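This report covers chain contacts, domains, the nonpolar core and helix packing. The sequence and structure come before the discussion.

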Amino acid sequence: MAGNENLRTRWRAWTDAGVTVLAILATLIVVTPLAAIFGYLIYKGASSLNLAFFMQIPRPEGESGGGMANAIVGSGVLLLVASLIGVPIGIGGGVFLAEFGRGTKLANAVRFTADVLNGVPSIVMGLAIYSLIVSTHSGLIPFSGHFSAFSGGVALGIMMIPTVCRTTEEMLLMVPHAVREAALGLGLPNWRSVLSITVKTASPGIITGCMLAFARVAGETAPLIFTAFGNAFMNTSLNQPIEALPLQIWVFAISPYDDQHRLAWAGALVLIALIVLAVSLVRYVTSRGVLKGAS
Amino acid sequence: MGPGKEGPSPVRVFLLSRGNSAIADRAFRWLMTLCAFSIFGIVGLIAWRLMVSSQMTWSQFGLGFFYKSFVDPVNHQPMYWDPVNGYFSAVPFIYGTLVSSFLSLLIAVPLGVGLAIFLTEMCPRALRGPLAFLTELLAAIPSIVYGLWAMYALVPLLREYVNPLLTSLLGWTGLFNNDNPTGLGFLAGGVILSIMILPIISSLTREVMTAVPHSQREAVLALGATRWEMIRMGVLRNARIGIVGAIILGLGRALGETMAVTMVIGNTPEIHKSLLANGTSMAAVIANEFSEAVSDLHRSALIEIGLALFLVTIVVNACAQLLVWVVTRGAPAQAR
């Protein structure tokens, strides 16, 4: 009997140790691809990154050299349009959830739909915008009837809305009621109190949310394939097809030319550097607890 | 519970009621409500446009589009997808999406849950922040960069070492048959997908695990349990619904993932039992063929595949959100 119990205790100790080892192993396996991706990216990308990459447009296939200036500018234009659409609507939705709809069924429905919309595949978003803007000739919708920078920007902008909306709401909920009451007590109308006091107090957090949404859509390829379409030349017109960094990386990655592969790696490195910068900044701002001063 | 969670105080209600800029306030309120409602509008708009644009396929093939196959008039083999000759069936794409997604769950779930257990229950405090940041970073890498890496680093690795090994060890199951010289295929797609959904699964699992009250852990430990027994009985059992929600959310992401899968799955609309064979997925075929569609019917068929993908991911995500919500609803505020 005593030996049996002893065996049982040892078995329990062993399983405990075994699970600990397995958990550490799982952690290592998860971190490995991250290290591999970054290592490979820097190794491949840094060697082909030069000034021409930022200054020139791609050369014809098979010729060496060239850069992705058109794609960088294009991404800038697309993200500007996307932010102009996604940020105001997203913040507005967040203000509704936190200030007007708090605790109502309607707000729960909006919150739930936003989370579900966040999970809709980006390629589906591209198809919907293709169908809405690119394939229809309508006087109601600007730049409709053909591939355009505008349609790509709209697709990306819609994808930003759920993220911006949810983070805005979360940040506004952290603003204490006393701040709102102080503003109203001074005789400010409600709209003014929301905009100049509540939203302003929460603004570091809201900017964080916008940056996160921005970083996410900056790397999106799928919704741009049949909206922004790509363009081998420099373009800043909203009415014309436009190149984007992820789109150009895709086209170059699946091409048979080594020079284009090199450009793709350099492009991926630039894209990743941009996104890591945004995410780290966000992490820095949130960990500093800028909002804590308010509560 | 922060002070922000309570309802407005009587002072505020009084002040609001005597506001003297009622019109501006009402307009502001309506504007914000409109912004919130635009989210419903977007979901409705997507569904409506996809339905309108896939009308042609729907009227020609009906529901059979999703389960019927055709017979090749030349060699009498079953065939599914031949845009030039007007044969459209979504079967191989549904098959490819399901196989690659479940394969990715098979790899990502044990790893993701293991990572979450390590981070919440075992990890030294100093390591927790950096490790959490690293997994967060994994979530921020764009799909296209994963695809690029998979194409030039992962696929050669699979081709040279992993696929021959799997074939010699597990070839008898018929699931691994190394007759594909490219290294592309379902396995490559599944592996890259698993890396991509890992952060979602592990961060949500971590969230629901931290939502389990400390008293549960203490009670189990007080009965003389080892750490693993404490995790199993005190934490995992309480968090299991949330973990299932996290897994379903990961599945939703895997189903719709496009670029990385497109670059490594092989893009052939065929059905193979072998996981090492070339295949394709619903999202991949849209990305590959849409801008070079040969006919209106082809385009409409691709949009119908997109509509199916939309509806499936909506349902999957809604289920996952509900499950996670059920668990974290009564959580102690901000245990993070």
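## Basis and a central residue

Two residues are in contact if their C-beta atoms, placed from the backbone, lie within 7 Å. Leaving out residues up to four places away in sequence, B:Ala188 touches B:Ala150, B:Leu154, B:Val155, B:Leu158, B:Gly183, B:Val264 and B:Ile265.

The model is predicted: local features need pLDDT of at least 70, side-chain atom pairs count only at pLDDT 80 or more, and totals for chains, interfaces and linings use all residues. Residues are numbered from 1 along each chain as its sequence is written, while chains are lettered from A and ligands numbered from 1 in the order in which they are written.

## Chain B overall

Chain B has 12 helices and 2 strands; helices (H or I, at least four residues) and strands (E, at least two) are DSSP runs, numbered from the N terminus. Their order along the sequence is α-α-α-β-β-α-α-α-α-α-α-α-α-α. The C-alpha trace spans about 80 × 65 × 30 Å along its principal axes.

Of the 336 residues in chain B, 47% are buried. A residue is buried if 20 or more other C-beta atoms lie within 10 Å of its own, exposed if 12 or fewer, and partly exposed in between, with C-beta atoms placed from the backbone. Among contacts in chain B between residues at least 6 apart in sequence, 77% join residues at least 24 apart.

## Chain interface

Between the chains, 81 residues of chain A are in contact with 81 residues of chain B. On the chain A side, helix α1 (residues 2-47) gives the most, with 20 residues. That side divides into 59 nonpolar, 16 polar and 6 charged residues. Here Ala, Val, Leu, Ile, Met, Phe, Trp, Tyr, Cys and Pro count as nonpolar, Asp, Glu, Lys and Arg as charged, and the others, Gly among them, as polar.

A:Thr113 lies in helix α4 (residues 105-118) of chain A. This residue is buried because 23 other C-beta atoms lie within 10 Å. Apart from neighbours within four places in sequence, A:Thr113 is in contact with B:Ile39, B:Phe40 and B:Val43. The C-alpha atoms of A:Thr113 and A:Pro162 are separated by 8.6 Å, with the two residues 49 apart along the chain.

## Domains and core

Chain A is assigned domain 1 (2-48) and domain 2 (53-287), with bounds from an automatic or database domain assignment. Their centres, taken over C-alpha atoms, are separated by 36 Å. Contact between them involves 6 residues of domain 1 and 7 residues of domain 2.

The largest nonpolar core has 190 residues, and B:Ala150, B:Ala188, B:Ile192 and B:Val264 have the most contacts inside it. Such a core is a set of buried Ala, Val, Leu, Ile, Met, Phe, Trp, Tyr and Cys residues joined through C-beta atoms within 7 Å. Helix α7 (residues 186-211) of chain B supplies the largest share of this core, 16 residues.

## Helix packing in chain B

In helix α11 (residues 282-289) of chain B, 7 of 8 residues are buried. The buried residues of α11(B) pack against α5 (122-134) of chain A, and against α4 (91-122), α9 (227-256), α10 (259-264) and α12 (296-328) of chain B.

The axes of α7(B) and α12(B) are 9 Å apart, at an angle of about 25°. The two helices are therefore roughly parallel, a term for angles under 35 degrees; over 145 counts as roughly antiparallel, 65 to 115 as roughly perpendicular and the rest as oblique. Axes are lines fitted to C-alpha atoms, for helices over the stretch in contact, and angles run from 0 to 180 degrees between N-to-C directions. B:Leu204, B:Glu207, B:Val208 and B:Ala211 in α7(B) meet B:Val324, B:Val327 and B:Thr328 in α12(B).
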